[in-house]
Amino acid sequence: MNDVLSTCLAGSLRRYLSSEGMENPADIQIAVTINTRSPKVLSRDNIPLENHSAGLLYNLPVSMTDPLKRLLETKRRMDNLKSSTDWRIFEFIYSQVVGRLPDVIGRFSSFSLNRHASLILSNVPGPLTPFEIGGKEVVTAIAWPPLVSDTSMSITVFSYAGTLRMSVLSDKAVLANPSKLTEKFIEEFEEMYECVKNAPALITEDMAKSRK
């Protein structure tokens with residue numbers, strides 16, 4: 001699921017940049033949040049608090065034009081990251097080192113993030129089943145991502161009880177109308193869905209080759 005959503009984000013960014021006059025958009029390095037909480041916890045009646053996530057830098061394949069090839073490349077890159085220890089090291093540094101430094105030094109280290117990432121993507125799953133507040137069931141939930149340090153754009157893809165919401169927060173100097181990107185995201189998802197539906201055997205074959 002994460003690979004599909006990341007692929008759609010790459011495609012939507014390509015669509016947006018192309019509509020703004022950029023003919024051949026390059027890959028974009030982003031900071032992506034990784035969930036470290038067990039999926040079993042998300043199914044419980046009570047909602048666990050505290051932060052259970054890590055992050056790492058990831059090159060989003062914006063340069064690729066074909067939706068299917070972009071999906072396979074996204075999966076390949078994500079698999080390489082998940083099998084590495086980079087995200088564990090990143091989690092340890094920020095939770096055990098940066099988080100314990102004086103505020104001035106901690107802020108300095110976080111401000112360096114904008115030098116390495118164009119945007120921050122938070123794709124952490126929410127509760128799998130509906131929950132209640134004050135005896136009333138929550139119909140939907142939307143997460144608005146903060147702009148960390150000087151990073152000019154942040155995107156959250158949040159799942160809740162079988163639904164999915166995408167929210168974008170950006171500096172007006174970079175993206176004046178965030179809804180344009182969400183519209184491109186929907187367009188990209190619909191196109192990729194049609195491609196996968198019409199060529200399921202090709203996807204299965206290519207994924208099998210990538211595992212070898």
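The model is predicted, so local features need pLDDT of at least 70, side-chain atom pairs count only at pLDDT 80 or more, and totals for chains, interfaces and linings use all residues. Residues are numbered from 1 along each chain as its sequence is written, and side-chain values use heavy atoms, without hydrogens and water.

Start with the overall layout. The protein chain has seven helices and seven strands. Both are DSSP runs, numbered from the N terminus: helices are H or I with at least four residues, strands are E with at least two. From the N terminus on, the order is α-β-α-β-α-α-α-β-β-β-β-β-α-α. Of the 212 residues in the protein chain, 37% are buried (under 20% relative accessible area; exposed is over 50%, partly exposed in between; 1.4 Å probe, protein chains only). Contact means heavy atoms within 4.5 Å. Among contacts between residues at least 6 apart in sequence, 67% join residues at least 24 apart.

Now take helix α6, residues 179-198. Its 20 residues should span 28 Å at 1.5 Å a residue, and the end C-alpha atoms are 29 Å apart, which agrees. The expected span is 1.5 Å times one less than the number of residues. Leu181, Phe185, Glu188 and Met192 are the buried residues of α6. They cover an arc of only 70° around the axis, which puts them on the same side of α6. That arc is taken from the directions from the helix axis to the C-beta atoms. Their cover includes α1 (2-19), α3 (67-83), β6 (153-160) and β7 (163-170).

Next, the helix pairs. The axes of α3 and α6 come within 9 Å and cross at roughly 95°. α3 is therefore roughly perpendicular to α6. Pro67, Leu68, Arg70 and Leu71 of α3 make the contact with Glu188, Glu191, Met192, Cys195 and Val196 of α6. Axes are lines fitted to C-alpha atoms, for helices over the stretch in contact, and angles run from 0 to 180 degrees between N-to-C directions.

α3 also packs against α1. Their axes come within 9 Å and cross at roughly 125°. α1 and α3 are therefore oblique to each other. Angles under 35 degrees count as roughly parallel, over 145 as roughly antiparallel, 65 to 115 as roughly perpendicular and the rest as oblique. Residues of α1 in this contact include Asp3, Val4 and Arg14; those of α3 include Pro67, Arg70 and Lys82.

Finish at the loop between β6 and β7, where Ala161 lies. Ala161 is not a glycine, yet has a positive phi of about 50°. Ala161 is partly exposed, with a relative accessible area of 27%.
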